[in-house]
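Trainee: Could you walk me through this model before I set anything up with it?

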Amino acid sequence: MSGAREAVARISEDVVTREGTPAASAPAGRASAGWKVLPIVEGLVLLIALVLPWVLQDYLTVFATRVVILALFALSFDLVWGYAGIMSFGQALFFGAAGYGVALMARDLNVTSILLILPAGALIGLTASLLLGGFLLLGRYPSSVIFVSLGTLTGSYAADRLARGWYYLGGQNGIPSIPPLTLGSYEFEEGPVYYYMVLGILVVVYLLCRFLVRSQFGLALAGLRENEQRIAFFGYKAQHLKAIIFAIGGTIAGLAGSLYAFHEGFVWPNMLGVVFSTQVVLYVLFGGSGTLIGAVIGTVIIEGVSFWLSDNYRDIWPIILGVLLLLVIMFRPLGLISFVLGERERVGSFGKAPKKESGNAAP
Amino acid sequence: MPLLEASGISKVFGKLTALDGAALTVGENEFHGLIGPNGSGKSTLMKCVAGAEVPTTGKVSFINSDITAFTPTERARAGMSLKFQITSVLPTLTLYDNILLALQAQCSLFDLVLSRTRRKLHDQVMTMLTQFRLADRAHDAAAALSHGQQQWLEIAMALAGKPRLLLLDEPTGGMSLEERRVTGELLQPIKQHCSLVIVEHDLDFIRDICDRLTVLDQGKVLASGTVAEIQANKSVQEIYLRRA
């Protein structure tokens, strides 16, 4: 055995003398092409959103308002799934619970002030997601994806059934004729004003999310998504991170749900249930999970295309839409956004631009 | 008082007894090799120490406290770090971000959300990358590294939290001879502040780098002592010859 050992030692000395220091030959970090695509896409989407009410007929502006609210809802799911890797199949639970909550405030307490309704909606979403998230995510050991997805799905389904059977909540019919949202004596009616109001909220929430996912917290989320066990060994409290992001997602979903309830003027059990929960999953997968703008684009395109298809192909439009979705998910698992966005930019870089080093790395 | 003391560790998987009363003692600033034939329970003992497995019986003490029931997170916070046998760098993140992720693990949530430690940690990230000869690839995705480089990145990440004890499960697995030699070089300087437990098949590597060895066979400790003592030990020679 010792003979072999000496032979090995000799060989390794040879290698050393011939090659010198290893692994120094790699090229310096290449500046990835197209690093700036994301802001351009975001700017374009915002620009289009801003001019939309001028070019659309009134009934289409109402439709666009609904889409903007759903995009807000999609952001909430994207944070939870796309950024933290928590498969929430019950995101509508928070959306619908807030919708029902604010509808009851309007019906029973005559509260319609936007200054109370929106915080209340967000708070309902937060509370519901803290409760469900605490139960599903805060075990001593990490909970499996299956457990969380079934748990959230069950929560959403149960809430749907509960609302259908509960007379106080209007049963199958939900709560109709919610009065308009108010600010002082001003009433937000459907149309451009409501549109710009929700667009403003979407932009603010979007920017907050953007700040969050690009922070060091966002890096921790990336670690969580990629390898939860690994980051636990670094000393991260992975379950806490998950519960926090789940609660933030729930808050945003609650905000969206309360805007939706007042915009539509009624709430109904579907808002809590599987229909809306799966719809939001599709928005995000279609547009590109793990990018905030992907969630927005996915919502706009799916809603836009279904609107157009249902007008023009009255009978078979769900089939066309289904095939389209399937194609994207099969051939573009990273969503439509991956047509224009490279891997590096999609995942992001969290280290500050390296001024102190050679300066030839990413800008 | 030793840094790490595991005693009477048994681990039973169904009908298989992987460990049967094994023990491991590691002192401050000691490089300790854990060797033995395939299936002797090296990796299982390592996992019981690291918290990836819970031992069926036995006790693990680390810096004077009983950590047997600690989760991996709690162990990491107590100053223990683990490099996995299968490299688990985060492939889509850059090298820089991989290290930063490891370094910032114990920052408060508030600091993370406001990115308040990003600037402060920059120099440390670059120092680690330079130390492990990866600085010129700081902004490449980790997936683009060679296998050996990924192992180094992984060791760098495991060291980022300034652990008192680093557990290395087969650090040179799949490496070329040259990469093995460099790995040994890279590990030497950490002795000043950190103890090491290494599970490794490459006995030359172990002999070069370790101060003490523990030999496992069929889930039991066959011998434990300095490298010279182990090399002179008859029964150790026997099991290696028997299976060679």
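Mentor: What follows is a short talk through the two chains, and please keep in mind that this is a predicted model.

Trainee: Okay, chain A to start with: how many helices and strands does chain A have?

Mentor: Chain A is assigned 14 helices along with 2 strands.

Trainee: And what share of chain A is buried?

Mentor: Of the 363 residues in chain A, buried residues account for 45%.

Trainee: Which residues touch the most other members of the largest nonpolar core?

Mentor: That core has 175 residues, and the ones touching the most other members are A:Ala71, A:Ala74 and B:Ile99.

Trainee: What does A:Ala74 touch, then?

Mentor: Leaving out residues up to four places away in sequence, A:Ala74 touches A:Val280, A:Tyr283, A:Val284, A:Ala295, A:Val296, A:Gly298 and A:Thr299.

Trainee: Switching to helix packing, at what angle do α8 and α10 of chain A pack?

Mentor: Helix α8 of chain A, residues 216-226, packs against helix α10 of chain A, residues 238-264, at an angle of about 110°, and their axes are 11 Å apart. The two helices α8(A) and α10(A) are therefore roughly perpendicular to each other. On the α8(A) side the contact is made by A:Ala220, A:Leu221 and A:Leu224, and on the α10(A) side by A:Ala238, A:Leu241, A:Lys242 and A:Ile245.

Trainee: What's the split by class in that contact of α8(A) with α10(A)?

Mentor: The contact of α8(A) with α10(A) has 6 nonpolar residues, no polar ones and 1 charged residue.

Trainee: Now chain B: in what order do the strands of the 4-strand open sheet run?

Mentor: The order in that open sheet of chain B is β2-β1-β4-β5, and the pairing is antiparallel. Strands β2 (16-26) and β5 (65-66) of chain B stand at the edges with a single partner strand each, so one side of each has no neighbour in the sheet.

Trainee: How many bridges hold β1(B) to β2(B)?

Mentor: Strand β1 of chain B, residues 4-13, is joined to β2(B) by 8 bridges, with the two running antiparallel. In β2(B), B:Thr25 is the bridge partner of B:Glu5, and B:Leu19 is the bridge partner of B:Lys11. The two strands β1(B) and β2(B) form a hairpin with 2 residues between them, and B:Gly14 in the turn has a positive phi of about 60°.

Trainee: And how many bridges join β1(B) to β4(B)?

Mentor: There are 5 bridges between β1(B) and strand β4 of chain B, residues 57-62, and these also run antiparallel. B:Ser10 has B:Thr57 as its bridge partner in β4(B).

Trainee: What about the open sheet of 6 strands, which order does it have?

Mentor: Its order is β6-β7-β8-β3-β9-β10 in chain B, with mixed pairing. Neighbouring strands of this sheet are turned by 15° against each other on average, direction ignored. Helix α1 of chain B, residues 42-50, packs on the sheet and touches β3, β6, β7, β8 and β9 of chain B, and the direction of α1 makes about 150° with that of β7(B).

Conventions: Residues numbered from 1 in each chain as written. Chains lettered and ligands numbered in written order. Predicted model: local features only at pLDDT ≥ 70, side-chain atom pairs only at ≥ 80, totals over all residues. Axes fitted to C-alpha atoms, helices over the stretch in contact; angles between N-to-C directions. Parallel < 35°, antiparallel > 145°, perpendicular 65-115°, else oblique. Contact = placed C-beta atoms within 7 Å. Nonpolar A, V, L, I, M, F, W, Y, C, P; charged D, E, K, R; others polar. Buried ≥ 20, exposed ≤ 12 C-beta atoms within 10 Å, placed from the backbone. Core = buried A, V, L, I, M, F, W, Y, C linked by C-beta atoms within 7 Å. Pairing = 2+ DSSP bridges.
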